[in-house]
Every structure is written in structure tokens, then in C-alpha cells.
Amino acid sequence: MNIHEKYMMRCIQLAKNGLGTTYPNPLVGSVVVYKDKIIGEGWHKQSGKSHAEVNAIDSVKNQKLLTKATIYVNLEPCIHFGKTPPCANLIIEKGIKNVVIGSKDPNPKVSGKGIALLKENGCNVIQGVLKNDCNDLNKRFFTFFGKKRPYIILKWAETQDGFISPKFKTKKKPVWITNKNSRQLVHQWRSQEQAILVGTKTILKDNPCLTTRDWFGSSPIRIVIDKKLKIPFDATIFDCSNKTIIVTEIEKKNKFNLSYNLIDFSKNTTHQICDLLYKHKVQSLIVEGGTKTLQTFISHNLWDEARIFKGTPLFNEGTKAPSIKGQKVSEIKIGKDILKILLND
């Protein structure tokens with residue numbers, strides 16, 4: 001690992017602190033280095049608040065060193081005025097002449113323009129350092145702008161004999177397949193992603209909250225497919241606690257934190273849902289079920305990652321788990337549960 005990779009890795013570490021809190025902005029970390037020593041660092045913490053470069057520059061105690069320092073950032077500095085001023089302008093204003101960048105910003109408002117502005121103003125710009133790692137860090141952001149849809153994570157838990165739910169249930173709540181630690185991990189994931197999607201049957205059978213109640217952080221936007229509006233209004237998803245989008249074919253008046261969005265169910269529903277979420281600026285989505293909903297996304301090849309738990313119970317009969325093929329990137333044990341991660345290759 002060379003010196004540029006060393007400090008870019010630190011940028012990536014810092015940026016990860018913002019996972020789940022920066023939407024619709026990307027994950028960005030930045031360090032300011034002078035004589036092979038970090039003299040300032042920061043990350044973007046929340047949309048509307050200071051960007052990583054601003055936080056890193058502001059943290060430098062001796063501002064006179066900036067003209068002799070190098071600033072590292074995992075994503076190209078912005079040049080447009082949004083909720084905050086452009087970072088490229090600040091770098092120029094502070095007289096920082098050496099800039100090292102990981103990824104070029106895919107947002108058309110930036111996309112190379114930040115790099116060009118820095119060069120035009122006499123900055124020495126090195127780009128593409130740990131590019132693949134930087135791109136992977138912002139896989140949600142890159143998918144959103146590159147494929148014009150959210151980054152899609154499929155998630156389910158299945159029994160030892162391959163079922164995701166039993167044939168018969170006595171109560172209108174989930175039948176747990178995994179242990180408490182696995183379920184808490186799922187709530188952590190929910191805090192990191194922008195939206196979560198389930199079908200009508202999941203709501204009718206389990207009446208889930210779809211929140212992060214077992215983890216600290218914001219709950220995701222709830223996306224529910226309900227073609228005929230069969231879900232009763234006393235279902236937990238209608239508690240107005242966080243934004244909920246109902247995908248349906250029946251018109252209905254929107255309410256606080258609740259909107260009804262029409263699609264044509266005679267056509268490809270998954271593509272229409274992706275288009276709908278793109279319009280809502282949703283960059284990441286967890287699809288939690290049930291099998292029919294998950295299999296539809298798999299069949300249309302609209303998924304990026306699958307997180308599959310295998311618990312200890314046996315159901316003998318019930319609803320079979322989805323069928324999927326992908327590149328296995330990890331398999332870990334959580335107590336007696338096994339978590340397998342697949343990527344869509």
C-alpha cells in the first residue's frame with residue numbers, strides 16, 4: 001500500500017460513519033495531510049450539514065499549513081450550490097494545491113467538473129486512488145445515477161429444510177426462524193438503507209412494523225405492494241410513524257406520511273416500482289418478502305445483493321424460500337444461525 005492508498009483508506013473509514021444518515025448525499029470522508037501526518041479529518045454526517053472536505057479543513061488547527069498540505073477525499077469535490085456551498089471552491093480558496101481523489105462523482109451536476117475546476121485553478125489533482133474501493137463504498141449512489149434505480153438488497157430467513165414460513169399459523173405475527181442477534185442485525189441494516197419493501201401477504205399474515213426498533217437510527221421508508229388495497233387500516237404500517245408508500249392500482253387520497261402511488265399491474269411491476277422509487281430519490285431498498293415478491297425481483301434480475309439467513313428450525317411444510325443464484329462473497333455464523341451474502345454476478 002503506497003502513501004496515497006494509506007490516506008484514501010482512512011477517508012473510506014471515515015465515510016462509513018455516515019451510512020444511513022446522509023441520504024440523498026453520498027458517503028464521503030476526507031483527510032488533510034502535512035509531512036506524512038494527518039492534521040485534519042472529517043466526514044459528511046447528514047444531508048444539509050457540512051461536507052467532508054469542510055469538516056476536515058475546519059479541523060486543522062494551524063490553517064497556515066493548508067497551502068503546503070494535501071487533501072484526500074474519496075469522492076470528487078462538488079462544485080454546485082445545494083444546501084451547502086461547493087467544496088471545490090473552498091479547496092481553491094484555502095490555497096490547497098494538492099488534491100487526491102478516489103472516485104469521480106456520477107452525479108451529472110458534478111461528474112468531472114469539480115476535478116476540472118481544481119486543475120484550472122492550479123491544483124495538482126491525482127484521481128482514481130483505490131477507485132474500486134471508493135466506488136464500492138458508494139454503491140448505492142453509483143447504482144442510483146448509473147442504473148436509475150435503487151441499490152436492491154434481497155433479504156430473507158429460511159429453515160433448515162428451506163421454508164420461510166409455516167403452512168399454518170395461529171397468530172397474526174411473524175414466526176421467528178432466526179435468533180435475537182440475527183434479528184437485531186436486520187434492524188441495523190434497516191437503519192442503513194433508505195427504504196424497505198414487502199408484499200400484501202406479508203402485511204396480512206405478520207402485521208410487521210418494518211422499523212428499526214431494535215437498533216439506534218432512522219427507520220426506512222416503508223414500501224408496500226397492495227394492488228387491491230386489501231390491507232386493513234388498523235395494520236401497523238398505517239401508524240404514521242414514518243413515511244409509507246403504498247403501490248396500488250386504486251386511487252386514494254394521500255395522508256400525512258402516507259401516499260398512494262399507481263402502477264399498471266398488467267405490465268412489469270418490478271421495473272415500475274424501481275422507476276417509482278427513482279422518482280422518489282430512493283437510493284437503496286431492502287426487499288423482505290414474501291417469496292412471491294422476492295422471486296419476482298430475482299426473475300427480472302433486479303437485485304444487487306442477497307442476504308440469506310438459515311436458522312435452526314424445521315417446518316416440514318409451508319412456503320418455500322426463493323430460488324437464487326449468485327456469487328457467494330461471505331458466510332458467517334451468528335450463534336447457530338448462518339448468514340450467507342450473495343452478489344448478483
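**Entry 1: the whole chain**

I began with the secondary structure, and the protein chain comes to ten helices and 16 strands. A reminder to myself: this is a predicted model.

Next I checked the overall dimensions. The C-alpha trace spans about 70 × 45 × 30 Å along its principal axes. I noted a radius of gyration of 23 Å; a compact globule with 345 residues would have one near 20 Å, so the chain agrees with that expectation.

Then I turned to burial and surface. Of the 345 residues, 51% count as buried. The accessible surface comes to about 17,000 Å², and carbon and sulfur atoms hold 51% of that surface. I also looked at contacts with a separation of 6 or more: residues 24 or more positions apart account for 69% of them.

**Entry 2: the sheet**

How many strands form the open sheet, and in what order? I found nine, arranged E11-E10-E9-E8-E12-E6-E13-E16-E15, with mixed pairing. Strand E11 (258–262) and strand E15 (327–334) stand at the edges; each has a single partner strand, so one side of each is left without a neighbour in the sheet. From one strand to the next, the twist averages 20°.

I picked one pair to follow in detail. Strand E9 (residues 221–225) and strand E10 (residues 244–248) run parallel and are joined by four bridges. Isoleucine 225 has valine 247 of E10 as its bridge partner.

I then asked what lies across the sheet strands. Helix H10 (residues 291–299) lies across E6 (151–158), E8 (195–198), E9 and E12 (284–289), and runs at about 135° to E6.

**Entry 3: salt bridges**

Side chains of opposite charge can pair when their charged atoms come close. My search of the whole structure gave 15 salt bridges, and I followed up a few.

The side chains of aspartate 36 and lysine 6 meet at 3.7 Å, N to O. Aspartate 36 sits in the loop between strand E1 (29–33) and strand E2 (38–43), while lysine 6 belongs to helix H1 (residues 3–15), so this pair ties together parts that are 30 residues apart in sequence. Buried or exposed? Aspartate 36 is partly exposed, at 45% relative accessible area, and lysine 6 is partly exposed too, at 41%.

Glutamate 305 and lysine 139 form another salt bridge, with their closest N and O atoms 3.3 Å apart. Glutamate 305 is in strand E13 (residues 305–310) and lysine 139 in helix H6 (residues 139–147), so here the linked parts are 166 residues apart in sequence. Both of these residues, glutamate 305 and lysine 139, are buried. I also see a network: salt bridges with shared partners join Lys139, Glu305 and Arg307.

One more for the list is glutamate 331 with lysine 328, where the closest N and O atoms are 3.2 Å apart. Glutamate 331 counts as partly exposed, at 46% relative accessibility.

**Entry 4: tryptophan 303**

Where is tryptophan 303 placed? I located it in the loop between H10 and E13. Tryptophan 303 has 3% relative accessibility; buried means under 20%, so it counts as buried.

I listed what this residue touches beyond four places away in sequence: among the contacts of tryptophan 303 are Arg149, Ile152, Leu154, Phe297, Ile324 and Leu342.

Key
Residues are numbered from 1 along each chain as its sequence is written. This is a predicted model: local features need pLDDT of at least 70, side-chain atom pairs count only at pLDDT 80 or more; totals for chains, interfaces and linings use all residues. Side-chain values use heavy atoms; hydrogens and water are left out. Two strands pair if DSSP finds at least two bridges between them. Helices (H or I, at least four residues) and strands (E, at least two) are DSSP runs, numbered from the N terminus. Axes are lines fitted to C-alpha atoms, for helices over the stretch in contact, and angles run from 0 to 180 degrees between N-to-C directions. Contact means heavy atoms within 4.5 Å. The radius of gyration is taken over C-alpha atoms; the globule rule is 2.2 Å times the number of residues to the power 0.38. Buried means under 20% relative accessible area, exposed over 50%, partly exposed in between (1.4 Å probe, protein chains only). Accessible areas come from the Shrake-Rupley method with a 1.4 Å probe; for residues, only the protein chains shown count as cover. A salt bridge is a side-chain nitrogen of Lys or Arg within 4 Å of a carboxyl oxygen of Asp or Glu.
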